[in-house]
Amino acid sequence: MIAPAARPALAAKARLRFDHASGGYMLLYPERGLALNPTAASILKLCNGELTVDAIVEQLQREYAERPAPELRKDVLDFLEEMSRRGLLQVAG
Amino acid sequence: MSAAPRPYTLVAELTYACPLHCVYCSNPIDFARRRDALHTDDWRRVLREAEQLGVVQVNFTGGEPLLRPDLESLVEQARALDLYTNLITSGIPLERERLERLRRLGLDNVQVSIQDARPAESDRIAGCEAFEHKLRVARWVKELGFPLTVNTVLHRENLDRIGEVIALAEELHADRLELANAQYLGWALLNRAALLPGAAQIEQARSIAAAARKRLEGRMEVVFVVPDYHVEFPPACMDGWGRRFLVVSPDGLLLPCLLAHTLPGLSFGNVRDQSVQDLWVSSPGLAAFRGEGWMPEPCRSCARRTIDFGGCRCQAFHLTGSAAATDPACSLSPDHGLVEAARAGAARPPLVAFTYRAARPHGASAR
């Protein structure tokens with residue numbers, strides 16, 4: 001489980017890139033790439049190693065005000081967990 | 001003819017020259033006849049045109065891409081286009097200063113090949129003394145803050161040391177470990193009798209790799225690639241012909257895979273004469289096996305045809321004589337007996353020495 005005070009950052013091998021062809025963002029890493037939906041891209045843009053998970057959720061709540069806060073929080077945590085499991089995110093405490 | 005899909009990855013084979021002589025090299029057997037035809041400006045244009053076509057990643061490979069003195073200029077161009085830039089190298093010849101320079105230019109990832117976990121065994125496959133320098137290079141890669149991929153090609157001689165290979169990659173703090181069984185094309189096909197493992201050996205290695213993948217999850221990505229000879233259905237070679245990968249060979253041909261220009265009767269245009277865009281869309285060689293129109297039975301009516309795209313065209317040609325046949329690695333192929341026979345042969349110990357990759361193959365050098 002990711003701690004609320006953790007400061008997630010993209011793994012050294014992963015890089016966000018805007019994709020002209022699709023108009024969305026991609027997360028690129030060796031031999032692979034993920035096409036991100038807008039929410040996933042918003043989350044990863046905030047994973048800069050400085051913001052805590054709490055701060056990231058707080059910022060996203062402003063951007064996605066129509067989403068119930070507990071639901072949004074759970075989605076963010078699940079997504080960060082999944083990215084970390086794939087080795088694409090470093091979660092320093 | 002099927003419409004051209006969007007490519008994502010450019011494989012830029014900068015040269016076929018290489019200081020190593022690996023017995024399973026994926027370059028064509030006749031590589032020495034093919035000259036490096038592209039100048040720095042040609043390659044820089046190829047990068048720009050590929051990016052316009054949708055490419056987001058570039059693998060600089062070869063041969064040994066470090067032998068091109070203009071590698072820096074190409075990395076710089078790739079990063080100016082915001083491409084994810086991967087250097088696929090033997091680590092030879094490389095000094096730390098050059099690696100620092102590549103780091104400053106924005107190179108994203110370095111993949112170093114290591115032939116085995118033990119020095120003598122590794123050098124035996126490479127056909128030269130390389131192991132110790134490779135380890136030095138891998139350590140520099142991490143010291144300079146790059147992510148590191150370690151790639152080890154697996155075969156009969158080193159499969160039983162897969163645990164040692166994993167331990168070595170851990171010790172080097174690799175971010176990704178590719179445990180890729182040799183695929184039996186090009187030089188590996190020439191050396192198949194000496195390299196092809198039996199099913200039990202593959203199975204044991206696979207379970208060791210699976211345990212490591214689980215144990216190292218989130219720290220080191222562990223990828224295990226089974227040889228086509230030991231699967232029920234072939235993988236989607238290159239993710240499908242002319243679909244996601246665009247290969248440019250040292251002689252300037254725009255190809256769907258590393259060996260397509262060794263298939264007879266196909267013509268691939270040259271990036272010196274035409275734009276990457278034009279060739280991707282209208283090269284007859286790319287059109288030949290794109291989509292499903294070319295497929296014979298049993299592929300044509302097979303539910304897996306959109307998953308594996310009929311497998312590997314080069315394998316089909318080299319084993320059956322027809323590039324348009326179903327990949328014989330597929331258990332449904334009428335030619336599957338060819339693969340079964342090779343597999344049965346692999347159960348017996350080999351009496352065959354290697355043919356080392358060289359300009360003129362010299363066989364049977366016992367090392």
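Which strands and helix of chain B make a right-handed β-α-β unit? In this predicted model, the unit consists of strand E5 (residues 148-154), helix H6 (residues 162-171) and strand E6 (residues 176-181) of chain B. A crossover is called right-handed if, with the strands pointing away from the viewer, the path from the first strand over the helix to the second runs clockwise. Helices (H or I, at least four residues) and strands (E, at least two) are DSSP runs, numbered from the N terminus.

Residues are numbered from 1 along each chain as its sequence is written, while chains are lettered from A and ligands numbered from 1 in the order in which they are written. Because the model is predicted, local features need pLDDT of at least 70 and side-chain atom pairs count only at pLDDT 80 or more, whereas totals for chains, interfaces and linings use all residues.

E6(B) pairs with E5(B) in the parallel sense, over 6 bridges. Two strands count as paired if DSSP finds at least two bridges between them. Thr149(B) has Arg176(B) in E6(B) as its bridge partner. E6(B) also pairs with strand E7 (residues 221-225) of chain B, again in the parallel sense, over 5 bridges. E6(B) is mostly covered, with 5 of its 6 residues buried. A residue is buried if 20 or more other C-beta atoms lie within 10 Å of its own, exposed if 12 or fewer, and partly exposed in between, with C-beta atoms placed from the backbone.

The loop between H6 and E6 of chain B holds His173(B). This residue has a positive phi of about 60 degrees although it is not a glycine. His173(B) counts as partly exposed, because it has 16 C-beta neighbours inside 10 Å. Met238(B) also has a positive phi, of about 55 degrees, and is not a glycine. Met238(B) is found in the loop between E7 and strand E8 (245-248) of chain B. It is buried, with 23 other C-beta atoms within 10 Å. Most residues other than glycine have a negative phi, and most peptide bonds are trans.

Two cis peptide bonds can be described in chain B. One runs from Ile92(B) to Pro93(B), with omega near 0 degrees. Pro93(B) sits in the loop between strand E3 (84-89) and helix H3 (96-104) of chain B. Another runs from Glu297(B) to Pro298(B), with omega near 5 degrees. Pro298(B) lies in the loop between helix H11 (284-288) and helix H12 (305-308) of chain B.

Asp116(B) occupies the loop between strand E4 (109-113) and helix H4 (119-126) of chain B. It counts as buried because it has 23 C-beta neighbours inside 10 Å. Leaving out residues up to four places away in sequence, Asp116(B) touches Glu121(B), Ser122(B), Ile125(B), Asn158(B) and Arg161(B). Two residues are in contact if their C-beta atoms, placed from the backbone, lie within 7 Å. In H4(B), Ser122(B), Ile125(B) and Ala126(B) are buried. Down the axis of H4(B) these buried residues fall within an arc of 100 degrees, so they line one face of the helix. The arc is that of the directions from the helix axis to the C-beta atoms. The buried residues of H4(B) pack against helix H5 (131-143) of chain B. Just after H4(B), Gly127(B) takes a positive phi of about 70 degrees.

In chain A, 3 strands form an open antiparallel sheet in the order E2-E3-E4. Strands E2 (15-19) and E4 (32-35) of chain A are the edges, each pairing on one side only. E2(A) is joined to strand E3 (residues 24-29) of chain A by 5 bridges. Asp19(A) stands opposite Gly24(A) in E3(A).

In helix H2 (residues 53-63) of chain A, Val53(A), Ile56(A), Val57(A) and Leu60(A) are buried. They cover an arc of only 95 degrees around the axis, which puts them on the same side of H2(A). The buried residues of H2(A) pack against strand E1 (7-10), H1 and helix H3 (69-85) of chain A.

Between the chains, 13 residues of chain A are in contact with 20 residues of chain B. On the side of chain A that touches chain B, E2, E3 and H3 of chain A each give two or more residues. The largest share, 3 residues, comes from E2(A).
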